[in-house]
There are 2 protein chains.
Amino acid sequence: MRYNLEKKPSRFAIRTLKTFSDTMFSLLETKSFETIMVSEICQLANYPRATFYNYFEDKYDLLEYCWTIIKDKIYPQDFVEMNSENRVYEIFGRIYDFFDEKKDRLFRILSHNPLEGELYLCFKQYMGSQILDIMNTIHFSSDRFLPEGLLAEYYCATMLLVLEYSFLKEMKFTKTQAIAYLQTLLKKG
Amino acid sequence: MRYNLEKKPSRFAIRTLKTFSDTMFSLLETKSFETIMVSEICQLANYPRATFYNYFEDKYDLLEYCWTIIKDKIYPQDFVEMNSENRVYEIFGRIYDFFDEKKDRLFRILSHNPLEGELYLCFKQYMGSQILDIMNTIHFSSDRFLPEGLLAEYYCATMLLVLEYSFLKEMKFTKTQAIAYLQTLLKKG
DNA sequence: AAAGAATTTAGACACGTGTAAATGTTTAAA
DNA sequence: TTTAAACATTTACACGTGTCTAAATTCTTT
């Protein structure tokens, strides 16, 4: 990201960032991320290429910015007050709800972007890093045998797996089904 | 892959494929995959760029070919005769041994290619797809509640996680440690 | 409303990529 | 040894990328 998101953005920046991310999202409903070109984004957004590069390193950078917009809507700040045990399932449930809410647009995008494609990988990676951050804040007292970091990554990977199966592969689990599967895998069932 | 690996390769092809993959491997010990250019590979391999493109789509394609060379050395064909229960740990053990054997070169390569880099991702993805293929041949009778595919992916992801921790992150588990951790996570411990 | 700061713009540039056509070279079989 | 197919080489080209500059425009602040 070339533009500094920390400081208060100018009207310039707000307008430009929104235009570029909107354009990316709508392009993704049209074609695969691989075939989307910076020039194309700029043409649709009615900005010269130089402006694009004022804000983003490349198209991957813009994509990641798009995910951060989504994230702000998924993760409210009230995780800390929950008890450790149920936090995993609470978080999982929220992410499930978010996906469920946006599933129309999600499926439209995925119809052009296969599971082996770049978009899918980038998104999965981003979700993973976000969930891992949350998992790392949880102290799992139950299991002293395993290293903490390993356990956090294990929880994260398993959550991602069930989410993936619930929404992105052929089978579409309901929320209760998905949580039951997660509990079984995490041996709480 | 532009070159058809199914048919019997000519002397030309054998020589060329080996030269390119050797060059890639030795370049990876020198610098990051991101900074390696096709032109650079060709210069070191003493082949014109056009020859490269006769064999490979791009540098990612060559990288994947490099993995297939490694794979042939990891996976002997005698998996089928093992009983389902222990096959997971047997496979895990073999992959552990393979990594352990090659760890010097591995660390040299990783010193130029960080965990967030392309090389690491590509490799992980390739290992994942290979392990998943094997897992899908195993029928897990114990758990009828969970969908088969989900279970296979779960085993695959968990194995990858422990391998990653054993070799690629700061902590270096011994083989028995690693297997014990895997067993605990898969709730057999 | 005006000065100063920040942003946008247009165009040119060097670079790596991947393709295509024409031209040599090697291979293996008759 | 000859011959045709397969392969390698050379060369040239079109394309997208990312960088940079200086001028024009828009925003912010006073």
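How many residues does the contact take from chain B and from chain A? I find 15 residues from chain B and 15 residues from chain A, counting two residues as in contact if their C-beta atoms, placed from the backbone, lie within 7 Å.

A note on the source: this is a predicted model, in which local features need pLDDT of at least 70, side-chain atom pairs count only at pLDDT 80 or more, and totals for chains, interfaces and linings use all residues. Residues are numbered from 1 along each chain as its sequence is written, while chains are lettered from A and ligands numbered from 1 in the order in which they are written.

**Entry 1, chain B against chain A.** I looked up which elements give two or more residues to the side of chain B that touches chain A, and they are α8 (148–167) and α9 (175–185) of chain B. Helices here are DSSP runs of H or I, at least four residues, numbered from the N terminus. α8(B) gives the most, with 7 residues.

I laid chain B on chain A by a turn of 180° and a shift of 0.1 Å along the axis, with an RMSD of 0.1 Å (least squares on the C-alpha atoms of residues with pLDDT of at least 70 in both). The two copies are thus related as by a two-fold rotation axis. I also note that 100% of the interface residues of chain B are interface residues in chain A too, so the copies meet through the same surface.

I count 18 residues around DNA strand C, the closest being Phe12(A), Thr16(A), Ala50(A), Val38(B) and Asp58(B); near means a C-beta atom, placed from the backbone, within 6 Å of the strand.
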